[in-house]
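Me: I'm new to this one and would like to learn how to read it. Can you walk me through some features?

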Amino acid sequence: MPLMEKDLGIGKAQLGGFLTTHGVIYGLSKFLNGMVADRSNARTFLTFGLMMSALMNFWFGFSSGVLTLGIVWVLNGWFQGMGFPPCARVLSHWFAPNERGVKWGIWNTSHQVGGFVILWLGGWLGQHYGWRAIFWVPALIAVLVSFFVYNRLRDTPQSLGLPDVEDYATGATVVTERQEEPDADFGDRLRRKVFGNPYVWLICFANFFVYVVRYVFFDWWPTFLHQERHFELSQAGQLTSYFEVAGLFGSLLAGFFSDRFLNGKRNPVCLFYLFCTLGIILFYRPMPVLGYWQEAAAVAAVGFFIYGPQFLVGVMVTDIAGKEAAASAIGLTGFFGYLSGVLSGYGLGRMVELYGWDASFQLTIACTVGAILCFALCGRKT
């Protein structure tokens, strides 16, 4: 973003507008495509979305006009929204409820691995080859990975003649061919287990607040560290990458503890992680620039604790809605998560222009408290 700001003369509010529109369209896509993914083959669905997202990144890298960039980024958000729902379908069909915390946590590391790689690679590419290369290189990687996904991924155990995962987990030996339920039953299931469930809605609002905190750090902290704390651009990207690396371990531990010690209860872990997040942000806010590793430790601590609730949201709603409606439930929570771009994108960009970077701390503190309240209202149900 700082390179585009300099090269194209785009202000922070306009850059924030890209993030907002992308986030809203991504969330809407995740929601609508979640209902489609529950009744689609995950293999072809995921491959198509990834390939189209790669093409949008190529196009974005070749563009310069603000309107064109905005349109392409909206399209990219739609195709990226096709990624999570088929993954949720695969995870919920291939793994039993009592192991989803750990297995989902392992899958969730893709967020942190990808975020870590692009923050280092992007900083290096931008410094040596300009901002356009930051879109072209990942697009090429996505094209190659899409071929790999199509070759290796399989939809459900039944598609390979294997038993349902719950039957396998309970020791059933008879493999039966299961028929897809009619759309009427699917619609009734959505009404009962997703749209009519108050706990799903509480988790949706909690996810909104968690995503604001996550994306304030992920999207804006390289710019904050570069412009406010005067680190080199490559260093700013490196420092923010520790946010992702720490989040990898935080989410894995959150899944492990909820499976191993809490019998699949996710809510207590979310509350503990969020109280820790709040404490760290309050500590970081008045901290002066002390050096590279002090900044890295502070940003990493926030990443460790915010990614636990971010990842457990998907597991929680899957446990509530069941694997047949998992993608739809996650799509709904994802829509609220990426609707947060209204605050973390354009909203924050405008606030920083008007009130300075201190506004970003006030926003993250308020949203962390909001997430704590929402999870607390879920009580013992989750």
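Predicted model: local features only at pLDDT ≥ 70, side-chain atom pairs only at ≥ 80, totals over all residues.

Me: Now pairs. How are α6 and α7 oriented to each other?

Reply: Look at the angle between the axes. For helix α6 (residues 100-129) and helix α7 (residues 133-152) that angle is roughly 130°, and the axes come within 8 Å. The two helices are therefore oblique to each other, and α6 passes α7 in a right-handed crossing.

Me: Which residues of α6 and α7 meet there?

Reply: From α6 come Ile-118, Leu-121, Gly-122, Leu-125, Gly-126 and Tyr-129, and they meet Ala-133, Ile-134, Val-137 and Pro-138 of α7. Sorted by class, this contact of α6 with α7 has eight nonpolar residues, two polar and no charged.

Me: I see gaps of three or four in numbering like that. Why does a helix give such a spacing?

Reply: An α-helix has 3.6 residues a turn, so residues three or four places apart point the same way.

Me: How do α12 and α16 pack?

Reply: Their axes lie 9 Å apart at an angle of about 160°. An angle over 145 degrees counts as roughly antiparallel, and α12 and α16 are therefore roughly antiparallel to each other. Here the crossing is left-handed. Residues in this contact include Leu-271, Phe-275 and Thr-277 of α12, and Phe-361, Ile-365 and Thr-368 of α16. By class, there are 16 nonpolar, four polar and no charged residues.

Me: Where does a charged residue take part in a helix contact?

Reply: The crossing of α10 and α14 is right-handed. Among the α10 residues in the contact are Trp-201, Phe-208 and Arg-214, while α14 brings, among others, Leu-332, Phe-336 and Tyr-338. The contact has twelve nonpolar, four polar and one charged residues.

Me: Back to Thr-277: is it buried or exposed?

Reply: Check the relative accessible area. Thr-277, in helix α12, has 0% and is buried. Leaving aside residues up to four places away in sequence, Thr-277 touches Val-213, Val-302, Phe-305, Ile-306 and Thr-368.

Me: What about residues in loops?

Reply: Asp-38 sits in the loop between α2 and α3, and at 5% relative accessible area it is buried. Its C-alpha atom is 7.6 Å from that of Pro-86, although the two are 48 residues apart along the chain. His-230, in the loop between α10 and α11, counts as exposed at 65% relative accessibility. His-230 also has a positive phi of about 65° although it is not a glycine.

Me: And how far is Lys-6 from Leu-32 in space?

Reply: Compare sequence with space again: Lys-6 and Leu-32 are 26 residues apart in sequence, and their C-alpha atoms are 36 Å apart. Lys-6 belongs to helix α1 and is exposed, at 75% relative accessibility.

Conventions. Residues numbered from 1 in each chain as written. Heavy atoms only, no water. Helix = DSSP H or I, 4+ residues; strand = E, 2+ residues; numbered from the N terminus. Buried < 20%, exposed > 50% of the residue type's maximum accessible area, 1.4 Å probe, protein only. Contact = heavy atoms within 4.5 Å. Axes fitted to C-alpha atoms, helices over the stretch in contact; angles between N-to-C directions. Parallel < 35°, antiparallel > 145°, perpendicular 65-115°, else oblique. Left-handed = near helix turned anticlockwise from the far one by under 90°. Nonpolar A, V, L, I, M, F, W, Y, C, P; charged D, E, K, R; others polar.
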